[in-house]
Amino acid sequence: MAMPRGQKQMFVLALLATVMTVGTLIYMLAAPPGYLRRTHNGVPYFTPPVLNPAGGKPLDVNRLAAYYRGNTIAGLYATVAH
C-alpha cells in the first residue's frame with residue numbers, strides 16, 4: 001500500500017527538518033562561534049572568581065572587566081560573586 005501524496009510530502013519535510021537540526025547541532029558543537037566562548041567583556045565563560053588581595057573576598061572577573069572598560073557601576077558590585 002503506497003502512501004498518499006500529502007503524507008509523502010510531510011515525511012520529506014520532517015526528514016529535511018531533522019537533518020538540518022542535527023547538522024546544525026553538530027556544527028555548533030564542532031566549531032562554536034566566538035561569541036559563544038566569551039562574554040561581551042571578553043572574559044571566557046566559567047572563569048572562576050579571583051581573590052581580592054586587599055580584602056580576601058572573591059571578585060567576579062566579568063564585572064571587573066566591565067569596570068575597567070568604563071562601566072563604573074559594575075565596579076560597585078564586583079565583589080558579589082555569582
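Q: Which aromatic pair turns up in a search of the whole structure, and what makes it edge-to-face?
A: The search finds 1 aromatic pair in this predicted model. Tyr67 and Tyr68 form it, with 5.2 Å centre to centre. Ring centres must lie within 6.5 Å, so 5.2 Å qualifies as a pair. The planes stand 75 degrees apart. Edge-to-face needs over 60 degrees, so the pair takes that label.

Q: Why is Tyr67 called partly exposed?
A: Tyr67 has 38% relative accessibility. Buried means under 20% and exposed means over 50%.

Q: Is Tyr68 buried or exposed, and how do you know?
A: The relative accessible area of Tyr68 is 68%. The cut-off for exposed is over 50%, so Tyr68 is exposed.

Q: Where is Tyr67 found, and how far is Tyr67 from Asn41?
A: Tyr67 is found in helix H2, residues 61-68. Tyr67 and Asn41 are 26 residues apart in sequence. Their C-alpha atoms are 9.7 Å apart in space.

Q: Where does Asn41 lie, and why is Asn41 called buried?
A: Asn41 lies in the loop between H1 and strand E1, the latter spanning 50-51. Relative accessibility there is 15%. Buried means under 20%, so Asn41 counts as buried.

Q: What makes the link between the side chains of Asn41 and Asn62 a polar contact?
A: The contact is 3.1 Å. The limit for N or O atoms is 3.5 Å, so the distance passes.

Q: Which residues does Asn41 touch, leaving out those up to four places away in sequence?
A: Asn41 touches Asn62, Ala65, Ala66 and Arg69.

Q: How many salt bridges are there, and what makes the link between Arg63 and Asp60 count?
A: The count comes to 1 salt bridge. Arg63 forms it with Asp60, and the closest N and O atoms are 3.7 Å apart. The rule asks for a distance within 4 Å, so this link counts. Side chains of opposite charge can pair when their charged atoms come close.

Q: How do you know which accessibility classes Arg63 and Asp60 belong to?
A: Arg63 has a relative accessible area of 26%. That value lies between 20% and 50%, so Arg63 is partly exposed. Asp60 stands at 17%. Buried means under 20%, so Asp60 counts as buried.

Q: What makes the phi of Phe46 worth a look, and why is Phe46 called exposed?
A: Phe46 is not a glycine, yet has a positive phi of about 65 degrees. Phe46 is found in the loop between H1 and E1. Relative accessibility is 85%, and exposed means over 50%, so Phe46 counts as exposed.

Q: Which residues make the nonpolar surface patch, and how do you know Val19 is exposed?
A: Met3, Phe11, Val12, Leu15 and Val19 make a patch of about 490 Å². Val19 is found in helix H1, residues 5-30. The relative accessible area of Val19 is 53%. Exposed means over 50%, so Val19 qualifies.

Q: How many helices and strands does the protein chain have, and in what order do the elements run?
A: There are 3 helices and 2 strands. From the N terminus on, they run α-β-β-α-α.

Q: What do the totals say about burial, surface and contacts in the protein chain?
A: Of the 82 residues, 12% count as buried. The accessible surface comes to about 6,900 Å², with 68% belonging to carbon and sulfur atoms. Among contacts between residues at least 6 apart in sequence, 11% join residues at least 24 apart.

Conventions. Residues numbered from 1 in each chain as written. Predicted model: local features only at pLDDT ≥ 70, side-chain atom pairs only at ≥ 80, totals over all residues. Heavy atoms only, no water. Phe/Tyr/Trp six-rings, centres within 6.5 Å; stacked < 30°, edge-to-face > 60°. Buried < 20%, exposed > 50% of the residue type's maximum accessible area, 1.4 Å probe, protein only. Patch = residues over 30% accessible without salt bridge, like charges linked within 9 Å, V, L, I, M, F, W, Y side chains within 5 Å. Areas by Shrake-Rupley, 256 points an atom, 1.4 Å probe, with all protein chains shown as cover. Salt bridge = Lys/Arg side-chain N within 4 Å of Asp/Glu carboxyl O. Helix = DSSP H or I, 4+ residues; strand = E, 2+ residues; numbered from the N terminus. Polar contact = N/O pair within 3.5 Å; in protein donor to acceptor, adjacent residues only side chain to side chain. Contact = heavy atoms within 4.5 Å.
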